Amino acid sequence: MMRVRIFSSADAVARALARHVAGALRSEPALVLGLPTGRTPIPLYRELARLHQAGRADFSRATTFNLDEFLGLDARDPRSYRAFMQRHLFDHVNVQPRRIHFLDGTARDVARECDRYERAIDRAGGIDLQLLGLGTNGHIGFNEPGRALFARTHCARLKPVSRRANAPLFGNRLAAVPREALSVGMATILHAKRIVLLATGATKARCVERMINGPLTPRLPASLLQLHQNAEVWLDRRAARNL
Ligand code: GLP
């Protein structure tokens with residue numbers, strides 16, 4: 001069974017998870033963190049920045065690997081996930097730029113880029129703490145639902161629902177949202193030593209319930225987290241309402 005923790009509000013989850021990450025950094029300063037993008041982790045990143053400014057979260061020896069990046073977007077493009085992370089977290093904490101890892105959305109040779117990322121994660125000793133968001137269709141990273149899933153880092157074709165969810169980054173112009181992204185795979189995620197999936201808000205409630213209680217299915221990639229020995233799901237009350 002996945003361990004589930006339920007908090008009174010999205011802010012309360014963010015505060016608790018930020019304290020948890022800060023504590024993990026204290027006990028393991030060279031922590032390797034896997035990081036998500038999306039609206040859900042924004043309050044968490046805000047809280048981590050606050051803790052850092054208060055001298056309670058030190059990223060000086062930490063390493064980060066983000067889950068995914070849009071195909072075709074340069075790291076300097078303000079719509080890229082790389083830029084998102086810079087705005088919401090990296091600009092506000094002391095993580096060393098050389099220890100920030102990202103998939104390069106402009107790589108000419110996509111297969112090689114995916115390979116490079118897997119090897120970089122291996123060289124870092126694997127992910128110690130993988131934080132995840134949850135797509136409303138059950139995706140994690142950009143492992144989209146379908147008949148089959150990818151084990152390793154790959155180029156993913158985005159579902160219309162995922163493109164719509166990301167439209168705000170593109171001035172709400174759906175046509176401007178890339179159709180493909182590079183994403184770590186299911187095995188890359190499941191090999192993390194610890195996983196915390198964060199989900200808040202009523203729109204995630206149905207998916208959260210199926211992820212925790214439903215069968216393992218590629219139709220709901222997050223359901224595979226049930227296979228992990230050390231995966232937790234941190235929710236606010238609204239996301240937990242179907243449990
Ligand atoms: C995005 C990302 C995911 C993220 C998810 C949920 O498209 N690729 O890693 O977890 O969708 O986003 P949100 O938190 O905005 O609901």
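A: Start with the side chain of Ser 162, which makes a polar contact of 2.6 Å with the side chain of Glu 144. A polar contact here is a pair of N or O atoms within 3.5 Å; within protein, one must be able to donate a hydrogen and the other to accept it, and residues adjacent in sequence count only if both atoms are side-chain atoms. Keep in mind that this is a predicted model, where local features need pLDDT of at least 70, side-chain atom pairs count only at pLDDT 80 or more, and totals for chains, interfaces and linings use all residues. Residues are numbered from 1 along each chain as its sequence is written, and side-chain values use heavy atoms, with hydrogens and water left out.

The side chain of Ser 162 also makes a polar contact with the side chain of His 139, at 3.1 Å. You will find Ser 162 in helix 5, which covers residues 160-166. Helices (H or I, at least four residues) and strands (E, at least two) are DSSP runs, numbered from the N terminus. Ser 162 counts as buried because its relative accessibility is 2%. The cut-offs are under 20% relative accessible area for buried and over 50% for exposed, with partly exposed in between (1.4 Å probe, protein chains only).

Now follow His 139 to the ligand: an N or O atom in the side chain of His 139 is 3.0 Å from an oxygen atom of the ligand. Asn 166 reaches an oxygen atom of the ligand too, with a polar side-chain atom 2.8 Å away. Gly 141 uses its backbone instead, placing an N or O atom 3.2 Å from a nitrogen atom of the ligand. How much of the ligand does the protein bury? Taken alone, the ligand exposes 390 Å², and the protein buries 92% of that. Such accessible areas come from the Shrake-Rupley method with a 1.4 Å probe; for residues, only the protein chains shown count as cover.

Which residues come nearest to the ligand? Of the 13 residues around the ligand, they are Arg 39, Thr 40, Asp 68, Asn 166 and Lys 204. A residue is near a molecule or strand if one of its heavy atoms lies within 4 Å of it. The shell around the ligand divides into three nonpolar, seven polar and three charged residues. In this scheme Ala, Val, Leu, Ile, Met, Phe, Trp, Tyr, Cys and Pro count as nonpolar, Asp, Glu, Lys and Arg as charged, and the others, Gly among them, as polar.

Next, step out of helix 5 towards strand 8 (180-183): Asn 172 has its place in the loop between the two. Asn 172 counts as exposed because its relative accessibility is 59%.

For contrast, here are a few spots elsewhere in the chain. Arg 241 is in the segment after strand 10 (231-236), and a relative accessible area of 59% makes Arg 241 exposed. In helix 1 (residues 10-27) you can pick out Arg 26, which is exposed at 57% relative accessible area. Glu 113, in helix 4 (residues 110-123), is buried, with a relative accessible area of 7%.
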